[in-house]
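Please examine the sequence and the three-dimensional structure shown below.

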Amino acid sequence: GRVENEPLGDNEFWMDAIEHEMEGRDEQLVDSGEAGGLSYGVFCNRDIQQRYYLVGVRVSADDVYVVEGFYPNEDAYKQHEKNVLEALGSFRVQ
């Protein structure tokens, strides 16, 4: 998705905002980093049946590009994490 960069911020600003929002939803940050200029965080819910949710952002001038991914359980997260991060690294904003 794409949203307006308002309030004006960089990748770090938007990842901090996302982390704050996810903490309010009782989601725990389990991994974060950068892939090809895109900053990302992986969050895990605190339920008995854990699921994982990836959110990535890339700021380009007036726009924030948002990428989301869902892993229904820990096995899926572990199995696909490397490939998803590789794909994120190829994400380009034009």
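## The largest pocket

Helix α1 supplies the largest share of the lining of the largest pocket, namely five residues. Helices (H or I, at least four residues) and strands (E, at least two) are DSSP runs, numbered from the N terminus. The volume of this pocket is about 230 Å³. Of the 13 lining residues, the closest to the pocket centre are Ile 18, Val 55, Val 57, Val 66 and Glu 68. Two or more lining residues come from each of the elements α1, β4 and β5. By class, the lining has ten nonpolar, no polar and three charged residues; Ala, Val, Leu, Ile, Met, Phe, Trp, Tyr, Cys and Pro count as nonpolar, Asp, Glu, Lys and Arg as charged, and the others, Gly among them, as polar.

A pocket is found on a 1 Å grid over the protein atoms alone: it is an open set of points where a 1.4 Å probe fits, with protein on both sides within 12 Å along at least five of seven lines, and lining residues have an atom within 4 Å of a point. Grid points are joined across faces, edges and corners, and the volume is the space filled by probe spheres set on the points.

## Basis of the model

This is a predicted model, in which local features need pLDDT of at least 70 and side-chain atom pairs count only at pLDDT 80 or more, while totals for chains, interfaces and linings use all residues. Residues are numbered from 1 along each chain as its sequence is written, and side-chain values use heavy atoms, with hydrogens and water left out.

## Backbone features in the loops

The peptide bond between Glu 6 and Pro 7 is cis, with omega at about 5 degrees. Pro 7 belongs to the loop between β1 (2-4) and α1 (11-24).

Asp 26 is not a glycine, yet its phi is positive, at about 65 degrees. This residue sits in the loop between α1 and β2 (27-35). Ala 61, also not a glycine, has a positive phi of about 55 degrees and is found in the loop between β4 (52-60) and β5 (63-71). Ala 61 is exposed, at 59% relative accessible area, whereas Asp 26 is partly exposed, at 44%. Here buried means under 20% relative accessible area, exposed over 50%, and partly exposed in between (1.4 Å probe, protein chains only).

## Salt bridges

The count comes to four salt bridges, each being a side-chain nitrogen of Lys or Arg within 4 Å of a carboxyl oxygen of Asp or Glu. One of them joins Glu 21 and Arg 25, with the closest N and O atoms 2.9 Å apart. Glu 21 is partly exposed, at 40%, and Arg 25 is exposed, at 53%.

Another salt bridge joins Asp 26 and Arg 46, at 3.0 Å from N to O. Asp 26 lies in the loop between α1 and β2 and Arg 46 in the loop between β3 and β4, so the pair ties together parts that are 20 residues apart in sequence. Glu 27 and Arg 51 also form a salt bridge, at 3.0 Å. This pair links strand β2, which holds Glu 27, to the loop between β3 and β4, which holds Arg 51, 24 residues apart. Glu 27 is buried, at 6%, while Arg 51 is partly exposed, at 29%.

## The surroundings of Asn 45

Asn 45 lies in strand β3 (residues 38-45) and is buried, with a relative accessible area of 4%. Leaving aside residues up to four places away in sequence, Asn 45 touches Asp 26, Glu 27, Gln 50 and Arg 51; contact means heavy atoms within 4.5 Å.
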